[in-house]
Amino acid sequence: HQILADVLKIEDTVVSVDSVGLTEDSVDNNSVLPQEQVSVETLKVKYKPLRLSFDLGWGYQLAAISKTGNSVVDSYYRRLKSGLDIGASASYFWHQQYGAGMYMHVFGSSPSMNIDEYTLLNLLGTSTAGSTSQYHSFSEDYRVLFVGPGFTLCNFKKKKKGNMYSSVAFGYLSLHDDIWVNGVKAGEMYGSRVGLLAEVGYEHFLSETTALHISMSALSGVLSSYTIELGGDKTRVDIEDPKYYIGLGRLNITAGLSFNLGKSK
């Protein structure tokens, strides 16, 4: 036999049956009589409350770069925009779908180039009297850090095969850039502001406690001021025009392992 019916979600744990159309065929013990109180079962999925996650992947800074007209320098700045992204998080779930915790991402890029002394001094902003025939090695250790509290939403883990999740976090965002010339540290630049992180991902369970996941995240934030140290001099720079703010917005694609720990609820 086939039966076609509408299925309705009932929020109450107890429902009162006012009327039931009974027929001569409704003779089994599951029949419900009018005015009888019937318990409604709710879907309860067991889950472990603590989730630790570790990620490794590729990050790309979204902010545009200023073109200098020098093909070597412009190529260098384009390479500076992409690099390694490392992420980690620790979340506690008080419900099978909802959790909160701390989230961290570190982006790093370390390109290098050989440029003439005249171009080098222009980049450092010190002098324009350098030689165009003498070349130097120039590199940076460029790092952007985000860390802050956030919220995670997961779907049901009924079949324990996979799980979609999304997170949003708001916290501390900083830039630290070490400048190297011929292998010697020539200066550094640093600054900090608040940032916003949004992430969506999928994890596939390898066991009850371990899962392999892949995620995409976007980081938003700008610097309106920074400090630069060159040749022993420290200078604070305040950017007045918002269109010249230093953009730290970034897109990350990462993969890693997550561990679901604690006593099942």
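A search of the whole structure, a predicted model, turns up 7 aromatic pairs. Take Tyr98 and Phe151. Their ring centres sit 6.3 Å apart. Their planes meet at 20°, so this pair counts as stacked. Tyr98 belongs to strand β5, while Phe151 belongs to strand β7. The pair therefore ties together parts that are 53 residues apart in sequence. Elsewhere, Tyr76, Tyr77 and Phe138 form one aromatic cluster.

Now turn to the nonpolar cores. In soluble globular proteins, nonpolar side chains tend to be buried together. The largest nonpolar core here has 16 residues. Tyr142, Val144, Leu175 and Leu248 have the most contacts inside this core. Four strands each supply at least two of its residues: β5 (98-109), β7 (135-154), β8 (162-181) and β9 (184-205). A second, separate core holds 10 residues. Among them are Tyr76, Ile115, Leu120 and Ile179.

Setting aside residues up to four places away in sequence, Tyr142 touches Gln61, Leu80, Phe107, Gly108, Ser109, Leu175, His176, Asp177 and Leu248. Leu175 and Leu248 are also named with Tyr142 for their contacts in the largest core.

The structure holds 2 cavities of 30 Å³ or more. The largest cavity contains about 90 Å³ of space. Its lining is made of 14 residues. Arg51, Ser53, Ser89, Tyr103 and Glu199 lie nearest its centre. Strands β3 (50-61), β4 (82-93), β5 and β8 each give at least two residues to this lining. The largest share, 4 residues, comes from β4. By type, the lining divides into 4 nonpolar, 7 polar and 3 charged residues.

Finish at Leu230. Leu230 sits in strand β12, residues 225-230. Is Leu230 buried or exposed? Its relative accessible area is 19%, so Leu230 is buried, as the cut-off is under 20%. Beyond its neighbours within four places in sequence, Leu230 is in contact with Leu124, Ala186 and Gly187. Gly187 is 43 residues from Leu230 in sequence. In space, their C-alpha atoms are 4.5 Å apart.

Terms used:
Residues numbered from 1 in each chain as written. Predicted model: local features only at pLDDT ≥ 70, side-chain atom pairs only at ≥ 80, totals over all residues. Heavy atoms only, no water. Core = buried A, V, L, I, M, F, W, Y, C linked by side-chain atoms within 4.5 Å. Buried < 20%, exposed > 50% of the residue type's maximum accessible area, 1.4 Å probe, protein only. Contact = heavy atoms within 4.5 Å. 1 Å grid on protein atoms, 1.4 Å probe; cavity = no way out; pocket = protein on both sides within 12 Å on 5 of 7 lines; lining within 4 Å. Points joined across faces, edges and corners; volume = space filled by probe spheres on them. Nonpolar A, V, L, I, M, F, W, Y, C, P; charged D, E, K, R; others polar. Phe/Tyr/Trp six-rings, centres within 6.5 Å; stacked < 30°, edge-to-face > 60°.
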